[in-house]
Amino acid sequence: MLHTAIAIVGVVLLILVTRVDPVIALVVGSLYLGLTGGLGFDGTIKAVAEGFGDIMAEVGLLIGFGVLLGSLLHAMGALQKLVELLMRGLGPRKIPHVLGVVLSTVFPSIYVDVQLVLAAPLARAAAPKMGRHGLAMMGGSLTAGILVGYVFVVPGLGTVAIAGLLDLPLGAMLGYGFVLGPITVVLTMLIYGWLLKRGFWNAAKDESAIEFPEPPEAEAPVRRLPPLPVSLLPIVVPLLLIATGAITEAAGVESSVLAFLGDPVFALFVGLLGSYLLARRTLGRDRVAESMSTGFNSTGQILLITGVGGSLGAVIGKTGLEDVLGGFFSAEAGVPVVVTILLAWLVAAVLHLAIGSISVAAITAAGILAPIMGGLDVPPAVLGLAIGSGALFALHVNSNFFWMFQTMLGVTTRGALKALTFVTALASVVSLVLVSALSFVV
């Protein structure tokens with residue numbers, strides 16, 4: 001546990017204080033933890049390589065297809081038109097809150113990486129129209145919307161896993177989560193926005209200089225751009241395919257065709273193909289080639305940082321830290337029978353801080369507490385919500401999502417610590433208060 005803490009803090013200090021590139025800092029932290037955690041030289045290198053490979057197998061194509069999709073939509077001006085529509089209908093002050101609520105309730109996805117790669121271009125496009133804190137607010141909106149939905153709203157993987165391990169009805173979790181999720185998002189964004197107005201964000205230090213493709217000039221398109229609903233089909237169709245696959249799977253419907261169509265890699269490829277055909281028709285071959293080239297350049301950087309982030313997580317897993325923490329918090333270790341909601345929250349929060357995966361933290365915490373749940377004076381559904389709340393706490397540098405967020409949103413590591421790590425910590429605490437209040441009425 002001590003060496004894990006040293007490795008994580010060391011990575012943060014190398015990046016923030018000595019300005020070491022995140023890729024190098026993550027590899028250094030992984031090597032230190034592997035050698036001090038008993039993996040040996042050979043085991044450490046294998047864990048680093050396997051962690052990189054596992055993450056690439058899981059999200060590599062998702063990232064590649066998603067970045068290229070976003071690049072083409074941005075070049076066609078589709079996202080800019082959507083932002084203008086939202087601005088006219090809602091005004092800049094309401095967009096972050098509305099986007100957060102929509103992401104957490106309408107599009108809660110088992111695959112948070114898919115939501116990030118689809119929503120990040122929209123957040124970047126809206127940010128300049130919202131003033132000096134626009135990127136910070138939109139980053140917080142993505143964080144709260146995507147990750148709160150992940151742990152509270154069905155079919156989020158965290159919610160489904162907790163319900164399964166604690167033997168909770170999905171209908172009950174859906175009912176509680178659909179109320180708790182949006183309230184958590186709105187309260188979190190209100191507090192975060194209040195802090196931004198008081199100097200919490202420094203654009204010079206918190207926003208990076210990564211360049212994303214610019215929308216075309218008025219005379220650039222070969223033909224008239226398609227209507228907004230048509231332009232957004234490459235985003236809407238993949239989300240519908242993924243949601244359909246997740247819902248049918250949760251309902252126990254076995255169909256190889258639905259599983260194929262709902263696979264996120266295939267769904268995003270469909271979106272990429274649709275955006276490519278639209279772009280070829282409206283922008284012409286040269287403009288499409290330019291946008292694809294920009295997307296390829298961005299993809300390489302994102303993939304490398306994401307992969308080495310996965311390496312650190314893999315090394316942590318190889319050291320057996322889960323088992324150490326599981327034994328520490330188990331009933332056999334002398335934990336009192338009457339356990340409060342705070343303990344369930346704390347177990348999941350500590351696991352997330354150490355392991356770096358919301359789903360693993362939620363699953364492990366539920367597995368630890370399930371055997372002693374019968375002796376707890378807490379309603380089972382409330383216990384499950386408390387675990388989800390704790391698993392949300394402070395997503396940071398040992399998660400590949402952190403590095404995806406940083407590069408795709410266009411913020412520095414310091415900015416990601418504010419717009420992602422701090423916001424998840426804030427949302428976790430806010431939801432803990434709401435779950436505690438809920439325990440008095442159920």
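Mentor: Gladly, and keep in mind that this is a predicted model. Let's start with a helix pair: A136, G139, G140, T143, A144, L147, V148 and F152 in α7 meet A419, L420, V423, T424, A427 and S431 in α21. The residues of this contact of α7 with α21 divide into 9 nonpolar, 5 polar and no charged.

Trainee: At what angle do α7 and α21 pack?

Mentor: Two packed helices are described by the angle between their axes and the distance between the axes. Here the helices are α7, residues 134–152, and α21, residues 413–438, with axes 9 Å apart. The angle between them is about 50°.

Trainee: Which word describes how α7 lies to α21: parallel, perpendicular or oblique?

Mentor: Angles under 35 degrees count as roughly parallel, and 65 to 115 as roughly perpendicular. The packing angle of α7 and α21 is about 50°. That makes α7, relative to α21, oblique.

Trainee: Is the crossing of α7 and α21 left-handed or right-handed?

Mentor: The two helices pack with their axes 9 Å apart. As α7 passes α21, the crossing is right-handed.

Trainee: Now α2 and α15: are they roughly parallel or roughly perpendicular to each other?

Mentor: The axes of α2 (residues 22–36) and α15 (residues 285–318) come within 9 Å and cross at roughly 15°. An angle under 35 degrees falls in the parallel class. The relation of α2 to α15 is therefore roughly parallel.

Trainee: Which residues of α2 make the contact with α15, and how many residues of the contact are charged?

Mentor: The crossing of these two helices is left-handed. On the α2 side the contact is made by V23, L26, V27, G29, S30, L33 and G34, and on the α15 side by L304, I305, V308, G309, S311, L312, V315 and I316. By class, the contact has 10 nonpolar and 5 polar residues, and the number of charged ones is no charged residues.

Trainee: Let's turn to charges. How many salt bridges does the structure hold?

Mentor: Side chains of opposite charge can pair when their charged atoms come close. One of the pairs here is D42 with K46, at 3.3 Å from N to O. The number of salt bridges in the structure is 4.

Trainee: Where do D42 and K46 lie?

Mentor: The two residues are 4 apart in the chain, about one turn of the helix. K46 counts as partly exposed because its relative accessibility is 46%. Both D42 and K46 lie in helix α3, residues 40–76.

Trainee: Which residues are linked with D206 in a network of salt bridges?

Mentor: D206 forms a salt bridge with R414, the closest N and O atoms being 2.7 Å apart. D206 lies in helix α10 and R414 in helix α21, so the pair ties together parts that are 208 residues apart in sequence. The side chains of D206 and K418 also meet in a salt bridge, at 2.9 Å from N to O. The residues in the network with D206 are R414 and K418.

How values were computed. Residues are numbered from 1 along each chain as its sequence is written. This is a predicted model: local features need pLDDT of at least 70, side-chain atom pairs count only at pLDDT 80 or more; totals for chains, interfaces and linings use all residues. Side-chain values use heavy atoms; hydrogens and water are left out. Axes are lines fitted to C-alpha atoms, for helices over the stretch in contact, and angles run from 0 to 180 degrees between N-to-C directions. Angles under 35 degrees count as roughly parallel, over 145 as roughly antiparallel, 65 to 115 as roughly perpendicular and the rest as oblique. A crossing is left-handed if the near helix is turned anticlockwise from the far one by less than a right angle, and right-handed if clockwise. Contact means heavy atoms within 4.5 Å. Ala, Val, Leu, Ile, Met, Phe, Trp, Tyr, Cys and Pro count as nonpolar, Asp, Glu, Lys and Arg as charged, and the others, Gly among them, as polar. Buried means under 20% relative accessible area, exposed over 50%, partly exposed in between (1.4 Å probe, protein chains only).
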